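I opened the model and kept notes on what I looked up. The entries follow in the order I made them.

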Amino acid sequence: MSMLPADLWRVEPLLAEHVRLFAKEVIPMKYSEKDFCAQIVDYQPDVLIMAGSEQTLTPLAATFLRGSDIKKVWWMTSIEAASHADQRLLQAFSAIFVPQVEDAEALSRLGTKAGVLPFGADPARFYQRHVDERHASGLLLVGQSTPARRQCLSAIRQGPLEGGRILAMGKGWEGCPGGRNRGFRSSIGALL
């Protein structure tokens with residue numbers, strides 16, 4: 001049952017495709033306030049996977065889910081829906097997943113245990129491409145510059161990548177010896 005926002009529409013068929021690897025039959029549906037309960041009664045699924053949380057469940061749908069014996073999994077896009085849901089509804093789910101660690105921690109404070117499971121990348125936006133020469137490097141460092149990371153960089157420069165190109169994405173690398181901004185959109189990139 002998809003409750004995903006419009007910008008994640010490509011995730012829906014991918015999710016159904018992956019669930020088909022371990023399920024006998026998968027019936028993808030869109031959440032509809034007026035048809036939700038009827039669809040569940042008609043199809044009698046063994047497991048209901050609700051993907052997304054952009055729409056608020058109606059009181060009737062919440063009551064139906066609390067009283068249903070169907071195994072239920074909720075893969076939320078954000079925890080906003082959880083803050084509007086009562087604790088009994090959240091406890092009706094066999095498992096709840098959220099895309100970010102911070103969301104799982106916030107749900108924990110609300111008394112609900114949630115696992116962290118990020119949504120997959122949109123393959124239409126993220127795919128292998130040829131790297132522009134100015135961004136090409138033998139090593140990509142991602143994260144803020146710290147004394148420990150600078151020490152590691154120094155060891156790498158004197159070892160396996162001596163004379164090689166290293167690209168650092170994060171704050172504080174620009175001041176690193178040999179670092180220079182190479183026309184990146186912001187000042188967080190440096191070629192070292």
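**Entry 1: salt bridges**

I began with charged side chains, and the structure holds one salt bridge. This is a predicted model, so I treat the pair as part of a prediction. Which side chains meet in the salt bridge? They are those of glutamate 12 and lysine 30, with 2.8 Å from N to O. I then looked up where the two residues sit. Glutamate 12 belongs to helix H1 (residues 11-19), while lysine 30 lies in the loop between H1 and helix H2 (36-43). The two are 18 residues apart, and the pair links distant parts of the chain.

**Entry 2: the chain as a whole**

How many helices and strands does the protein chain have? I found seven helices and seven strands. Read from the N terminus on, the elements run α-α-β-α-β-α-α-β-α-β-β-α-β-β. The protein chain has 192 residues, and buried ones make up 35% of them. I also looked at contacts with a separation of 6 or more: 52% of them are between residues 24 or more positions apart.

**Entry 3: confidence**

The mean pLDDT of the protein chain is 81, and 86% of the residues reach 70 or more. Where is confidence lowest, and where is it highest? It is lowest in strand S7 (residues 189-191), with a mean of 59, and highest in S2, with a mean of 94. Over residues 182-188 the pLDDT is below 50. In the model this stretch has 17 contacts beyond near neighbours in sequence. I made a reminder for myself: where pLDDT is low, the predicted coordinates should not be read in detail.

**Entry 4: the sheet**

Next I traced the sheet. Four strands form an open sheet with parallel pairing, in the order S1-S2-S3-S4. Which strands stand at the edges? They are S1 and strand S4 (115-116); each has a single partner strand, so one side of each is left without a neighbour in the sheet. Helix H6 (residues 101-109) packs on the sheet and touches S3 and S4. The direction of H6 makes about 135 degrees with that of S3.

I then went through the pairs. Strand S1 (residues 47-51) and S2 run parallel and are joined by five bridges. Across this pair, valine 47 stands opposite lysine 71, and isoleucine 49 stands opposite valine 73.

Is strand S2 enclosed or open? Four of the five residues of S2 (residues 71-75) are buried, so the strand is largely enclosed by the rest of the structure.

**Entry 5: two loop residues**

I picked threonine 77, in the loop between S2 and helix H4 (80-84). Is threonine 77 buried or exposed? Its relative accessibility is 16%, so threonine 77 counts as buried, the cut-off being under 20%. I listed its contacts, leaving aside neighbours within four places in sequence: Leu4, Pro5, Leu8, Gly52, Ser53, Glu54, Pro99, Asp103 and Phe119.

The second residue was glutamine 44, in the loop between H2 and S1. Glutamine 44 has a relative accessible area of 54% and is therefore exposed. Its phi is near 45 degrees, which is a positive value in a residue other than glycine. I also took the separation of the C-alpha atoms of glutamine 44 and isoleucine 70, and it is 8.1 Å. Along the chain these two residues are 26 residues apart.

Terms used. Residues are numbered from 1 along each chain as its sequence is written. This is a predicted model: local features need pLDDT of at least 70, side-chain atom pairs count only at pLDDT 80 or more; totals for chains, interfaces and linings use all residues. Side-chain values use heavy atoms; hydrogens and water are left out. Buried means under 20% relative accessible area, exposed over 50%, partly exposed in between (1.4 Å probe, protein chains only). Two strands pair if DSSP finds at least two bridges between them. Contact means heavy atoms within 4.5 Å. Axes are lines fitted to C-alpha atoms, for helices over the stretch in contact, and angles run from 0 to 180 degrees between N-to-C directions. pLDDT is the predictor's confidence in each residue, from 0 to 100. A salt bridge is a side-chain nitrogen of Lys or Arg within 4 Å of a carboxyl oxygen of Asp or Glu.
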